[in-house]
Amino acid sequence: MLKTITAFIERHEKWLGMPLVFIMAAAALLLALMQPAFLESIERKTLDERFVIRGTIPHDPHIVILAIDNKSVTEVGRWPWSRDKIATIVDRVLGQYGAKALGFDIIFSEKQRNPLTESLRMMRQSRQIDPYAANWLYQHQPIGDVDAQLEAVFTKYHDKIAAGYFFYGSSDAATQAAKAKLDDEMWIASASAYSSKVAKGGERMIPYVAAIEGNLQRFSSVVDAEGFFNFFPDQDGMVRKVPLMAQRDGLVLPNLGMQTLSIYLDHAPMTVEADITGVNKVTIGDHTIPTDANGAMLLNHYGPGMTFTHVSAADVLNGKADPAIFRNALVLFGATAIGIFDMRPTPFDEKFPGVENHAAGVNNILHDEALQRPAWLEVNELAATFLLSLLLGWAVRRRSALSQGVIVITAPLLLAYGSFYAFTEYHLWVKITYLILGVLMTTIPTTLFEYVVEAGRRSFITEAFSRYLSPELVEDLANNPDMLKLGGEERVLTAFFSDIASFSTFSEKMTPTQLVAFLNEYLSAMSNIILARGGTIDKYEGDAVIAFFGAPLPMEDHAYQCTMAALEQQWALGEMRAKWREEGLPEVNIRIGLNSGPMVVGNMGAESRMNYTMMGDHVNLAARLEGVGKQYKVPILVSGDTRDMIRDKIYCRFIDRVRVVGRSTPVDLMQPINEHDKMDPIDIERDEAYQKAWKLMQNRDFKAALAAFEALDRRWPPQGPQDGLYQVMIARVRDLIANPPPDDWDGVHNLTSK
């Protein structure tokens, strides 16, 4: 299956490169437009983490929470308290302590029983009436009317109090009592509604008020403002927004925070504008508030619970609070005690008092610190999701694994850092999930695609060349596949051909088993020398070895390496002959032909079976030289072209100038002897004497040439079957004496056989 996928990818690499990147970038853009719930959930979690990483930040000390906390419940008693105590607290905070505004995150929706009236009722119910006591209770009932005391305080500070209420968004969820008094509640709420410009259809985006659960009218009707304290948590229960408005019957009603802040800002006007796309502008005094289409503001939380200044209601009631805390403060009165407060989880705290969310919202508006997602940001996010994905998808193509890894890891980290910087410095919520997802959607598939293609190439190279090259060269080639052009290319190489002399006669003296064992030993030794010198083994043809140097990996000194391989093979063969002689095997000699020049090299053959091989006229010449070595009785022959490439490193003995079968251009035949610094002076003397004799022959002084060749043969008689050059030249000169060449003879010997 994997091979099938790999093969498909390799066949369609052209269409799976940038087109794949473009498709994945477009898919990322589509996801950013659709904003599926699971990705939005992830994004909200990343926003929460930004708060946690950022930590607590400074808040306005003039925003104070008057808390019905655990201490208050312990010292005063369980909630709800008698309203005369509430009245005392309100009078002390707004009067004695000098707070500018007080918002109630609690409601007083039911009458509190008058203790004197209750005592009179119970006396009558028992039918044991004391006329004097009953008369006293009746006349002093107003003393026990604690609701009247709270009403009086509300009336006294009517312009400094924002009463609280909550509304039902659906009639099905509302109580009958709430439905019954809706008109009265809306009449009271309308007195402090937004100044609104809402186009037809614009109200549909704003939360709807189906019913209101509010205060007794004797309380709400005497204050100048009231606001709702509803929150609408996200699907995971987390509070990330505060709704600033709700609507019914053309009225847009503010929340508790807005009403309290308006009072604090000397009754600053509140305005809202909306059209069919939703809310597009909200102001309070000189502050323009960023909201979404529903009129909700993203909360910029300041820290965990108790970040804002909290003052225990019990301390205020008992006169133990510090008045300076409340001087010119905006105070929010709410419950924080365990068991009675409205728990609203935030990124900082799973159990976070709802009243502190109101405080955070007020602080956000007052100091322009609310989180924002302006329209320009959303447009730029979409553009960046597509373009950045496209750019980085292109960037990882044709890169090294290290470069790809750096891009895949670094890009999301930089995006995360950028979004965090925008969050902390500019209060912007950049939706990083889609940006990172887009980058990963293009870079990872492209990287995997490149990996599959690269793995396929490596597999092909390893499979194709492991039989021809040393493991080190195969690894280098696999790591640098661009150095290999498949399908054939012209390069200047050095071709190598070798063959065992008289192999047919030699093999007849062995059993098949012995022959196979011998050939394996021989070919292994010769092949190892070629591979050690960086050569490529083309093929084996029986006892013949065909190789080349300079491909697939470039090799500047290919002629030198090939010539040294040939010399080392002859030297190694000398050592192996001694072993074979002990085993009773015949004498083994090999001929080697080398030639350098332009050749075509590459994978050639059928689609189902290909071979990395060489071809060309210079290849054929190398093959000819191997055969010509038999005629001249020398172990190695190289062409003049090869000699020209190695003349600075290896001493070559001149042999002859010939025309081989199939070529009209003369070829100089040379025999490499050894590297210059390892040459024996006797060998140099022999070569110089031979060249003098050969030049006599070229100058048609055949008798002098014959005498010179015979003198060489006497001084250096043959040392083996591959050391008979002088006899060959003596025979040729004698033939020239017997059969003089024509007058236009150029001295080049024409070979008549391959």
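## Ring contacts, a pocket and backbone geometry

Arginine 373 lies over the face of tryptophan 429, at 5.8 Å from the ring centre, where a charge is taken to sit over a ring if NZ of Lys or CZ of Arg is within 6 Å of the ring centre and within 35 degrees of the ring normal. The charged end of lysine 100 is likewise placed over a ring, that of tyrosine 264, 5.2 Å from its centre. The model is a predicted one, in which local features need pLDDT of at least 70 and side-chain atom pairs count only at pLDDT 80 or more, while totals for chains, interfaces and linings use all residues. Residues are numbered from 1 along each chain as its sequence is written, and side-chain values use heavy atoms, with hydrogens and water left out.

Arginine 373 is also among the residues closest to the centre of the second largest pocket, as discussed next. About 780 Å³ of space lies in this second largest pocket; a pocket is an open set of points on a 1 Å grid over the protein atoms alone, where a 1.4 Å probe fits, with protein on both sides within 12 Å along at least five of seven lines, and lining residues have an atom within 4 Å of a point. Of the 33 lining residues, Lys241, Asp292, Ala293, Arg373 and Glu378 are the closest to the centre. Helix 3 (37–54), strand 11 (278–284), strand 12 (287–289), strand 13 (296–298) and helix 16 each give two or more residues to the lining, and strand 11 gives the most, with 5 residues. Here helices (H or I, at least four residues) and strands (E, at least two) are DSSP runs numbered from the N terminus. By class, the lining has 14 nonpolar, 9 polar and 10 charged residues.

Helix 16 (residues 375–395) has 21 residues and should span 30 Å at 1.5 Å a residue, which agrees with the 29 Å between its end C-alpha atoms; the expected span is 1.5 Å times one less than the number of residues. Its buried residues (under 20% relative accessible area, with exposed over 50% and partly exposed in between, for a 1.4 Å probe and protein chains only) include Leu377, Glu381 and Phe386. In helix 12 (residues 256–264), 9 of the 9 residues are buried, so this helix is largely enclosed by the rest of the structure.

The structure holds 26 aromatic pairs, counted when rings of Phe, Tyr and Trp (its six-membered ring) have centres within 6.5 Å, with planes under 30 degrees apart stacked, over 60 edge-to-face and the rest tilted. Phenylalanine 108 and phenylalanine 219 have ring centres 5.9 Å apart and planes at 75°, so the pair is edge-to-face. Phenylalanine 108 lies in the loop between strand 2 (101–104) and helix 6 (115–126) and phenylalanine 219 in helix 11 (residues 217–220), so the pair ties together parts that are 111 residues apart in sequence.

Most residues other than glycine have a negative phi, and most peptide bonds are trans. The table gives cases that depart from this.

| Site | Feature | Value |
|---|---|---|
| Tryptophan 79 to proline 80 | cis peptide bond | omega near 5° |
| Alanine 551 to proline 552 | cis peptide bond | omega near 0° |
| Histidine 267 | positive phi | about 60° |
| Aspartate 368 | positive phi | about 50° |

Histidine 267 lies in the loop between helix 12 and strand 10 (270–275), and aspartate 368 in the loop between helix 15 (354–366) and helix 16.

Definitions and conventions:
Grid points are joined across faces, edges and corners, and a volume is the space filled by probe spheres set on the points. Ala, Val, Leu, Ile, Met, Phe, Trp, Tyr, Cys and Pro count as nonpolar, Asp, Glu, Lys and Arg as charged, and the others, Gly among them, as polar.
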